[in-house]
Amino acid sequence: MSVSGEIRAEALQKRFGDFVAVEDVSFSVSPGEVVGFLGPNGAGKSTTLRMLTGVFPPTSGRCSISGYDVVSQAIAARTQLGYLPERTALYTDMTVERYLRFVGEMKRIPSATLSRAIGAAMAATAIADRARRLIGTLSKGYRQRVGIAQALMGDPAVLILDEPTSGLDPGQAAEIRVLIRGLADARRTVVLSSHILPEVESICSRVIILAQGRVVAVDEPSRLEERLRPHRQVVVRALGEAAALEAVVRAVAGVIALEGGIEADGTVRLLVGFAHRTDIRREIAAAVVGGGFGLIELEPVVMTLEEIFLTLVGRPDGVREGV
Ligand SMILES: Nc1ncnc2c1ncn2[C@@H]1O[C@H](COP(=O)(O)OP(=O)(O)O)[C@@H](O)[C@H]1O
Ligand SMILES: [Mg+2]
């Protein structure tokens with residue numbers, strides 16, 4: 001039975017000669033989900049996405065889009081898909097509108113509905129005011145929007161975006177994230193890849209972590225951190241006597257771990273742990289200030305991608321050796 005917007009991958013493997021780029025990757029994505037592939041360079045993210053989009057077939061294993069097998073029902077599968085490759089070959093000497101028309105013709109969108117499809121894709125990516133600009137004259141952020149607009153042509157049930165914010169400045173990247181979040185709905189599925197943990201955390205409801213060609217973890221971003229860390233942590237920096245400050249913080253209900261130290265500038269630095277799904281930051285701040293200490297900083301400790309990989313695969317970057 002075919003379910004629009006569903007993705008299934010079973011035991012995908014991809015070899016390039018003797019080199020195994022992707023090994024035994026299985027997952028499924030439900031309609032309307034936003035799933036992120038997270039992993040360091042060389043993890044196999046792009047290779048996996050290329051198998052899903054039919055750029056090349058898997059060496060073994062199978063995958064389907066909306067129930068259509070990507071290899072044996074390639075044409076049907078492709079009509080379900082919009083794809084933003086890692087490096088998009090945009091036609092820089094075409095206007096935005098002309099380029100989208102060209103893409104629509106390639107995707108065999110009937111001419112009677114083509115103008116409407118172009119208008120919808122430009123509206124969804126907020127580029128209608130650039131319709132008559134040459135693509136070559138646009139900023140990187142706008143070019144990436146054009147890339148997403150071409151993926152949206154034909155209103156596909158599944159959008160696959162390979163590193164959609166790579167090469168953009170922080171402001172442009174933030175705009176693209178907002179845009180992507182808006183594209184997923186009950187019917188449209190979004191799969192994207194990234195090597196930036198906060199990006200995946202902010203957009204995706206589920207994250208699939210790839211390292212060395214294999215899936216090493218699948219979970220909601222927040223639960224992933226829960227599994228990998230014994231508790232939540234904040235850093236408190238304050239002025240005052242270290243032992244007295246520690247005693248005050250230790251007395252706050254909910255504190256389950258405490259490490260202290262004195263910084264080079266003489267301020268006291270405490271690493272305070274409390275249970276996941278609880279939040280006692282206000283109580284900690286109140287206790288420090290109420291105890292007469294000068295509170296300088298109270299900052300959450302977020303797990304970096306390096307720490308996650310270290311915990312999951314025992315190497316800071318999850319990169320395999322000898323490649
Ligand atoms: N066409 C290819 N020929 C040979 N090796 C490849 C090819 N494409 C990718 N690889 C290798 O496969 C591994 C995974 O690459 P890729 O999927 O691009 O990783 P990612 O997108 O996670 O950075 C890398 O070691 C890369 O060098
Ligand atoms: Mg890649």
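Biologist: Which element gives the most to the shell around ligand 1?
Modeller: That's α1, with 3 residues. Before we go on, this is a predicted model: local features need pLDDT of at least 70, side-chain atom pairs count only at pLDDT 80 or more, and totals for chains, interfaces and linings use all residues. Residues are numbered from 1 along each chain as its sequence is written, while chains are lettered from A and ligands numbered from 1 in the order in which they are written.

Biologist: Fine. What counts as a helix or a strand here?
Modeller: Both are DSSP runs numbered from the N terminus: helices are H or I with at least four residues, strands are E with at least two. The chain has 11 helices and 14 strands.

Biologist: Back to the ligand. Which residues come nearest to ligand 1?
Modeller: Phe 16, Ala 21, Lys 45, Ser 46 and Thr 47, out of 12 residues around it. A residue is near if its C-beta atom, placed from the backbone, lies within 6 Å of the molecule. Two elements give two or more residues to that shell, β2 (19-29) and α1 (45-52).

Biologist: How do the shell residues divide into nonpolar, polar and charged?
Modeller: 5 are nonpolar, 6 polar and 1 charged. Ala, Val, Leu, Ile, Met, Phe, Trp, Tyr, Cys and Pro count as nonpolar, Asp, Glu, Lys and Arg as charged, and the others, Gly among them, as polar.

Biologist: Is α1 mostly covered or exposed?
Modeller: Mostly covered: 8 of its 8 residues are buried, including Lys 45 and Arg 50. Buried means 20 or more other C-beta atoms within 10 Å of the residue's own, exposed means 12 or fewer, and partly exposed is in between, with C-beta atoms placed from the backbone. Just after α1, Gly 54 has a positive phi of about 80°.

Biologist: What does α1 pack on?
Modeller: A sheet, where α1 touches β3 (34-38), β7 (158-162), β8 (189-194) and β9. The direction of α1 makes about 150° with that of β7; axes are lines fitted to C-alpha atoms, for helices over the stretch in contact, and angles run from 0 to 180 degrees between N-to-C directions.

Biologist: In what order do the strands of that sheet go?
Modeller: β6-β7-β8-β3-β9-β10, 6 strands in an open sheet with mixed pairing. Two strands pair if DSSP finds at least two bridges between them. At the edges are β6 (81-84) and β10 (214-219), each pairing on one side only. β9 (residues 206-211) pairs with β10 in the antiparallel sense over 5 bridges. Helix α11 (residues 305-313) also packs on this sheet, touching β9 and β10.

Biologist: What about the core, how many residues are in the largest nonpolar one?
Modeller: 63, and among those with the most contacts inside it are Leu 52, Leu 100 and Ala 121. A nonpolar core is a set of buried Ala, Val, Leu, Ile, Met, Phe, Trp, Tyr and Cys residues joined through C-beta atoms within 7 Å. Helix α5 (residues 140-152) gives the most to this core, 6 residues. A second, separate core has 12 residues, including Val 268 and Phe 274.

Biologist: And what does Ala 121 touch?
Modeller: Leaving aside neighbours within four places in sequence, Ala 121 is in contact with Leu 100, Ala 149, Leu 152 and Met 153. Contact means C-beta atoms, placed from the backbone, within 7 Å.

Biologist: Last one: is Glu 163 buried or exposed?
Modeller: Glu 163 counts as buried because 21 other C-beta atoms lie within 10 Å. Its phi is positive, near 50°, and Glu 163 sits in the loop between β7 and α6 (170-183). Arg 108 also has a positive phi, near 60°, but Arg 108 is exposed, with 9 other C-beta atoms within 10 Å.

Technical notes: Two residues are in contact if their C-beta atoms, placed from the backbone, lie within 7 Å.
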